[in-house]
Amino acid sequence: MFSILLHLFLLLLAWCPSAFGHLQAICSSGMNVSNVQTMVIEITGTLSNNSYLQLSCVLKLAKPGSFLSMKTKRNDNEKGFLQLSLYQQGESSLLGHVDVSEPTSVWNTISICPTGFTNNQNTGEKLLSVVGKGIGLSFTVQITEGASEIALDQPRTVNVQGDEVPCGHLLATCSSGMTVSNVQSGVIEITGSLSINNYLQLSCVLKLGKPGNFLRMKTKRNDKKKGFLHISLYHQGESSLLGYVEVSEPTPVWNTISICPTVLTNNKTTEGRLLSVVGKGIGLSFTVQIAEGASEIALDQPLTVDVQGDEVSMFQFIPPKGISDKQLDITATSESKVAAYLKVSQNCKEVDLQEDLESIDYKKESLRLSFARKGRITLSRVSIPPLTDSVSGWFIGIGLKNLSGDVKLSESKNVTLKLTRSFDYNYATPICVLFFVSFLVGILVSIFAYFLFEESLTKVKVGKGKPGDDNVELKISCCDLWEVIIDHWFSFGPKTYSYLTGIVGAVLMVGAFQFVFANWDTMIQEGDRDNCYYNDFCYRVANHDIPFNLMISNLTYIVHGLILIVWVLILETK
């Protein structure tokens, strides 16, 4: 009896492995399924005729909502069309697709990330669709179920292989006549050509790795034919135009536009974009490169970037809550002496391209500073633009300084960028320390000088010839001091040293103030930090965007000067 039950149990295992958590596939004729390893199946197939043919497999996941990785490659050198797509079983929603029309043995990999829909317990089945045309086209698909799970206090070791791509990368699903390839992480390239001489529209649906990401779109022509070609980017399901490029002229030069995040693009439900290509002219060939996401940078976490030629390295900073309580120092350092620009703005269009990085906007939306070895821009609650808690993000651009056009495309500069919080706008302690220390030290120095020169400056000989009365000490009062000020400063009496010193100082101060104020106002209007030669590494503000700490650092000289004036006035009065 026991042996019969054991045989029945083994038969159950062989007949229904999915009951115990295995990935399973049931495919149509022309496709073979095999198990490569646990949770990995391999599907191979060949097209048997030269007409359009569709093959399909139903995949049953061991765990609904699991992560899936799909790798595809061609096993032949034939010409034809072959496209593999993965859908929710019983639904029209596309999870991912791969175009393997080119006969290459290199694996093409896409990842299907879990979502709120795929996590539904009723959606454990997927439909793999293979559509192709071309007799003898052979292909292999490997499907892996499940990202490895990790538990608390249980370390895991993983070997990262080759060009495996994680969840959350940029995907594109395009219409016939367009080919999609991955250039690098976060960058896809779409190529296509017009097949007829009438107006034709091609389109791609882009799925962003992260909704609300910054996008950069570069387009160029690959031919020298005449015609019309217009490439636009929209919100999927919306009529709002995000950007467009006119590439009717047959030039191989890249045309670049940037799509900045907005309130709408940051919406979690608008992660899809629609790329529309409208043109007229048979044989018109084009290439579109779309890069997703400016690199994000966090507080106190330095990032190193290699700035190349006329390219701009852009970073996005999402400020945490309470960021305006202190100043924000944006510091760029480098070992290279090549001149570069550091620019900060709330608008990514001010920092994304070389010409934007070097331009002056006069809209008070950005701050720019040129540097070689090191440079710093300080954002504060009084800077223009100001640092506030309401700003959703800042964009930081770094590019080589090329106003004269002498920078070669081969030149580069290795720059380290770091963001730190510094001063909390509290000047009470430094002002009190500076004042009282300066006052006490100034009094001590003046008293020492007074007694040192007392013999020659505070005693006079009256010459009456009486024994013991050769020197008589003169006593003065506050009224005597005031009388000297009125008589020698504001009346027609002889002008003393203290008066002349005050006149010369006032004249120099007025000229210096005019020069400094004019340059400061120009800097504020233009946002060009090169107009004022501030020590940006020691920049602390108060009620205006000026280095107030540099002003109060002169408090020592002011206190000592006032003390010196008083002592000189006493000596002049005597």
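## A strand and one of its serines

Strands here are DSSP runs of E with at least two residues, while helices are runs of H or I with at least four, and both are numbered from the N terminus. With that in hand, you can find S276 in strand β19, which covers residues 272-280. This is a predicted model, where local features need pLDDT of at least 70, side-chain atom pairs count only at pLDDT 80 or more, and totals for chains, interfaces and linings use all residues. Residues are numbered from 1 along each chain as its sequence is written, and side-chain values use heavy atoms, leaving out hydrogens and water.

Is S276 buried or exposed? Buried means under 20% relative accessible area, exposed means over 50%, and partly exposed is in between (1.4 Å probe, protein chains only). S276 comes in at 6%, so it counts as buried. Its side chain makes a polar contact with the side chain of Q201 at 2.9 Å. That term means a pair of N or O atoms within 3.5 Å; within protein, one must be able to donate a hydrogen and the other to accept it, and residues adjacent in sequence count only if both atoms are side-chain atoms. Leaving aside residues up to four places away in sequence, S276 touches Q201, L202, H230, I231, S232 and Y234, where contact means heavy atoms within 4.5 Å.

## Two disulfides

How many disulfides does a search of the whole structure find? There are two, a disulfide being a pair of cysteine sulfur atoms within 2.5 Å. One of them joins C27 and C57, with the sulfur atoms 1.9 Å apart. C27 sits in strand β1 (residues 24-27) and C57 in strand β4 (residues 53-60), so this link ties together parts that are 30 residues apart in sequence. The link of C27 and C57 is right-handed, with 110° about the S-S bond. C27 is partly exposed at 22%, whereas C57 is buried at 1%.

C174 and C204 are also joined by a disulfide, S to S 1.8 Å. Here C174 belongs to strand β11 (residues 171-174) and C204 to strand β14 (residues 200-207), distant parts of the chain that lie 30 residues apart. The link of C174 and C204 is right-handed as well, with 110° about the S-S bond. C174 is buried at 12%, and C204 is buried at 1%.

## Helices and annotated spans

In α3, S438, G442, S446 and Y450 are buried.

An unreviewed UniProt entry annotates residues 427-453, 497-517 and 550-571 as "transmembrane region"; such annotations may be inferred rather than shown by experiment. Residues 550-571 are 91% helix and 0% strand, with end C-alpha atoms 33 Å apart.

## Aromatic pairs

Rings of Phe, Tyr and Trp (its six-membered ring) pair if their centres lie within 6.5 Å; planes under 30 degrees apart are stacked, over 60 edge-to-face, and the rest tilted. By this rule there are seven aromatic pairs. One of them is F435 with F436, edge-to-face at 5.4 Å centre to centre and 80° between the planes. F517 and W520 have ring centres 5.9 Å apart and planes at 35°, so that pair is tilted.

F517 and W520 both lie in helix α6 (residues 497-526), three residues apart, about one turn of the helix. F517 is partly exposed at 43%, but W520 is buried at 17%. Elsewhere, F423, Y425 and Y427 form one aromatic cluster.
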